[in-house]
Amino acid sequence: MKFVQLKRGLRAGALAASVLATGMAGAPYAMAQAKTSVQLGAIEVLSGPNAKYGVSIKSGFDLALSEINAAGGVLGAPLAIHYEDSAGNKDQAVNAVRKLIGADKVSLILGPTLSGEMFAAGPVANAQKIPIVGTSTTANGITALGNYVFRTSLPESDVVPVTLKAARDKLGVKKVAVMYGNDDAFTKSGYDVMKAALTKLGIETLTTETFGGKDTDFSAQLTKIKAMNPDAIVVSALVQAGAGIMLEKKALGFSDKVRIIGGNGLNSPKIGEIAGAAANGTLVGSPWFVGKQDAANVKFVGAYKAKYNAEPDQFAAQAYDTLFIVAKAITAAGAADPQKIRDALVNVKYSGVLGPSAFTADRNPADTSGVVVLEMEDGKFAPLK
Amino acid sequence: MSAFFANLLFTYQSLIYGLGINAILGLSMYVVLAIGQLSLGQAAFMGVGAYASSLLSVKLGLSFPVVLVAAAGVPAMLALLVSVPTLRLSGVYLAIATIGLGEVLRLFYVNWDYAGGALGLSGIPDRGGFFTIFGTLALLLAAAFAVGRSRIGRAMEAIREDEQAAGVMGIDVPRYKLAALVISAAIAGIAGAYNAHVTAFIAPGDYAFDNAVTILSYALLGGIGSPLGPVFGAFLLTALPELLRPLHDYRLVLNGLIIVSVVIFMPRGLFSWHMRRIGAAK
């Protein structure tokens with residue numbers, strides 16, 4: 001909106017004038033810009049049932065923020081993040097995005113946490129030409145919202161094919177049964193991705209079964225699947241249902257060779273806690289793994305543990321890298337101007353704890369080389385050998 | 001200075017719209033509560049209005065007035081169908097039946113691929129706006145007062161106080177109940193359409209049980225003595241979380257504390273005054 005930019009212009013003008021009035025010569029505009037810190041906004045779920053994601057993300061940002069500012073910030077000024085809580089509610093996410101743009105005058109927005117929030121909040125930021133960068137939004141169609149909408153989280157469509165390819169090449173999986181929760185946006189879009197990847201990799205799908213996210217009984221589907229004798233079961237589910245399927249599979253006497261291959265929904269240590277030994281052998285793909293031994297990751301995990309006294313999860317890792325990517329883009333842009341930052345963001349290349357990152361032409365993450373295929377062993381995920 | 005106001009309006013636009021939309025929802029709840037019925041289907045009717053209007057806007061590109069007719073008409077038709085078996089229910093039984101309706105509809109949206117299934121429907125065009133929303137609210141409020149002060153309003157109050165006595169006095173109780181449910185469904189549907197067209201995205205989970213309870217709490221917090229109660233209740237419950245935003249981590253704590261205090265100390269709601277009736281003794 002013109003008004004917003006006008007107001008920003010007026011403010012910068014007033015600052016410049018005040019600098020001149022106090023008798024400081026030189027390039028007043030540039031100095032006024034350099035004196036004030038660069039303002040970013042972040043909308044995360046900090047309360048309610050999904051708060052664990054938002055809190056992890058905030059921890060990741062805060063750690064990166066303190067490191068960036070300790071090293072001198074960007075453009076010679078410290079970086080500042082205004083946090084807003086969306087409570088997992090799309091209406092509140094929209095309120096937050098409007099407040100950040102209208103009242104706090106941020107140059108870029110990080111978040112929101114959930115894809116559903118991004119579908120509501122993204123178009124608002126896009127219409128104001130303020131870049132908005134999701135760090136945890138994996139659903140299809142996020143970046144199609146507009147030219148100012150970015151994400152650094154690998155969508156399932158990038159991770160799942162890597163997992164399935166590893167299962168085919170390393171474990172000889174040729175025919176599978178598919179199960180997915182059909183009442184949840186995340187598990188349904190995960191299924192769409194699995195279906196496409198299975199076809200592309202030439203893996204045969206024997207049957208496709210559905211369930212509800214709150215179901216506790218999967219015996220009908222699994223009995224049918226057992227009779228078909230698949231090499232593996234591909235599951236798109238969240239933790240609760242996923243663990244239920246594993247327990248039921250063990251109870252029905254499936255061979256241990258028949259593994260569960262999951263999407264990001266099963267990429268949680270909780271799987272091992274709930275399903276115990278029944279979870280052994282479960283395969284998931286992950287953009288990041290806590291035990292990765294490269295120098296950047298070891299430093300990140302160490303610093304995170306020192307600051308929060310807890311292990312980071314992938315959401316914290318993604319947030320941590322994202323802030324460095326954004327900082328690099330602001331430096332490249334040379335000013336805290338949303339349009340310049342957006343143009344710089346498209347071209348930024350960065351290598352962090354998730355491995356190398358860059359954006360594709362449609363503002364999705366370009367590099368999948370950081371994806372690790374993990375295998376559940378005695379309640380813990382470890383890289384598949 | 002106008003830039004300042006334009007900026008203020010931009011910042012709080014969706015909050016302001018939310019106030020109007022939720023007040024309309026509060027009124028839709030009031031219409032059923034006024035007759036002594038407890039419906040938890042308002043969120044479901046809102047969802048039907050939202051889905052019907054969004055599909056017409058997104059898939060067929062119809063103009064907004066046409067879309068609004070459908071947003072009111074489709075939930076009203078559904079209410080008519082639903083009320084046939086549920087008309088004999090009252091109190092908590094009607095509440096349970098209407099919760100069931102919401103759940104059935106949620107599962108229906110989830111499995112309806114044309115409407116986006118579990119992924120929801122995005123890219124809904126930005127329609128409506130300040131004057132449409134608050135114009136509708138003013139109109140409905142005026143209508144609620146006009147009806148409330150008329151013979152019909154008196155009959156409704158009679159049914160709320162004692163159904164059997166009202167029936168004996170010659171009031172056609174089932175017809176009133178039916179009309180109240182259908183009208184409240186139509187109002188909720190319109191609110192659903194406004195909400196969908198200002199937030200651009202809807203999903204099946206948006207109209208589930210939580211929202212039904214939230215809508216009920218607008219009416220209960222505000223009080224149901226007059227139509228203004230639910231409207232102010234909705235204003236308060238919508239504005240509070242945003243007004244408390246500067247408190248960051250403590251805002252939901254204080255939000256809950258305020259609501260609990262109101263319930264404990266003002267059990268009849270914040271605005272417990274009654275409408276004056278024509279010819280009523282002062």
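What share of the 282 residues in chain B is buried? Here are some notes to read alongside the model.

1. Buried residues account for 47% of the 282 residues in chain B; buried here means that 20 or more other C-beta atoms, placed from the backbone, lie within 10 Å of the residue's own.

2. A word on the source: this is a predicted model, where local features need pLDDT of at least 70, side-chain atom pairs count only at pLDDT 80 or more, and totals for chains, interfaces and linings use all residues. Residues are numbered from 1 along each chain as its sequence is written, while chains are lettered from A and ligands numbered from 1 in the order in which they are written.

3. Chain B holds 11 helices and two strands (DSSP runs, numbered from the N terminus: helices are H or I with at least four residues, strands E with at least two). Starting at the N terminus, the order in chain B is α-α-α-α-β-α-α-α-α-β-α-α-α. The C-alpha trace of chain B spans about 55 × 40 × 35 Å along its principal axes.

4. Now turn to chain A, where five strands form an open sheet in the order β2-β1-β3-β4-β5, with parallel pairing (strands pair if DSSP finds at least two bridges between them). At the edges of the sheet stand β2 (79-85) and β5 (149-151) of chain A, each with a single partner strand, so one side of each has no neighbour in the sheet.

5. For a closer look, follow β3 (residues 108-110) and β4 (residues 132-134) of chain A, which pair in the parallel sense over two bridges. The bridge partner of A:I109 in β4(A) is A:I132.

Definitions and conventions:
A residue is buried if 20 or more other C-beta atoms lie within 10 Å of its own, exposed if 12 or fewer, and partly exposed in between; C-beta atoms are placed from the backbone.
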